[in-house]
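This report covers charged side chains and the nonpolar core in one protein model. The sequence and structure are shown below.

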Amino acid sequence: MSSEDSRTGGGVEKDAGMVIGVGYVRIPAADLQGLAEFYKTTFGMQQIGGILDHAIMLNVGATVEEALANKNPRVIVDRRMKSNRAYGPNDNNCWVFMTKGIEQVIRRAEKNGATVVMEPYPPVSQMGMVVGKFRDPSGNQIELTEVGTDTSLYLHAAKK
C-alpha cells in the first residue's frame, strides 16, 4: 500500500471522507458566562463566537483577531452538556490542554476558582512530560500537560 493509499484509506478518492483535524472541544458549563470568563483569565482565551444562548466559542490569542486567526482547535463552553464531575481522577473523560509553564497555569486556574486534583508531576517518560489536573468551576476535570519541559523542577524527568 502506498503512503497515499494509507493516508486515504486505500483506493479512496484523495479528498473523499478524510478526517482533517480536530475542530473544537466542547466543555459543559453550568454557568455559561462564568465558565467562559474562567477560561479567558486562566488560559488567555478570547471569545470568538457564540451559538444562540447556549454556547460560547473561545480560542487562544492575545486579541480577538489573533484568536480568530489561530487554526488550533477551539473551545466551546456549552450549558446543555453534563459535567464529567462524577468520574474519578483517572477514570474519566477529561480534556487535555498543552501548556508551557504548567506550574503557573495550574496556580492561575486555582486562583480563578479551580480545584487542583493532582499537582504537576513528571510521569515516567522519555519525553520530559509533566502532568497536572484540576476541576474547573463547573466540575469538569481538566488535564494540563507540558512536554519537553524546561522547568528546572522537572528537568530530571527529561534526562532519563
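## Arg107 and its partners

Arg107 is partly exposed in this predicted model, with a relative accessible area of 31%. Its side chain meets that of Glu103 in a salt bridge, 3.6 Å from N to O. Glu103 is partly exposed too, at 22% relative accessible area. Both residues sit in helix H4, four residues apart, so about one helical turn separates them.

Arg107 also forms a salt bridge with Glu119, where the closest N and O atoms are 3.0 Å apart. Glu119 belongs to strand S6 (residues 115-121) and Arg107 to helix H4, so this pair ties together parts that are 12 residues apart in sequence. Glu119 is partly exposed at 41% relative accessibility. A network of salt bridges links Glu103, Arg107, Glu110 and Glu119.

## Other charged residues

The whole structure has seven salt bridges. One of them joins Arg80 to Asp78, with the closest N and O atoms 2.8 Å apart. Arg80 is exposed at 55% relative accessible area, whereas Asp78 is buried at 0%.

Arg74, in strand S4 (residues 74-78), is buried but has no salt bridge. The nearest side chain of opposite charge, Glu66, is 12 Å away. The Arg74 side chain instead reaches the backbone oxygens of Leu68, at 3.2 Å, and Asn72, at 3.3 Å.

## Nonpolar core

The largest nonpolar core has 25 residues, of which Tyr39, Val77, Phe97, Phe134 and Leu144 touch the most other members. Helix H2 (32-43) gives the most to this core, with six residues. Beyond its neighbours within four places in sequence, Phe134 contacts residues including Phe38, Ile106, Val116 and Leu144.

Note on methods:
Residues numbered from 1 in each chain as written. Predicted model: local features only at pLDDT ≥ 70, side-chain atom pairs only at ≥ 80, totals over all residues. Heavy atoms only, no water. Helix = DSSP H or I, 4+ residues; strand = E, 2+ residues; numbered from the N terminus. Buried < 20%, exposed > 50% of the residue type's maximum accessible area, 1.4 Å probe, protein only. Lys, Arg positive; Asp, Glu negative; His and termini not counted. Salt bridge = Lys/Arg side-chain N within 4 Å of Asp/Glu carboxyl O. Polar contact = N/O pair within 3.5 Å; in protein donor to acceptor, adjacent residues only side chain to side chain. Core = buried A, V, L, I, M, F, W, Y, C linked by side-chain atoms within 4.5 Å. Contact = heavy atoms within 4.5 Å.
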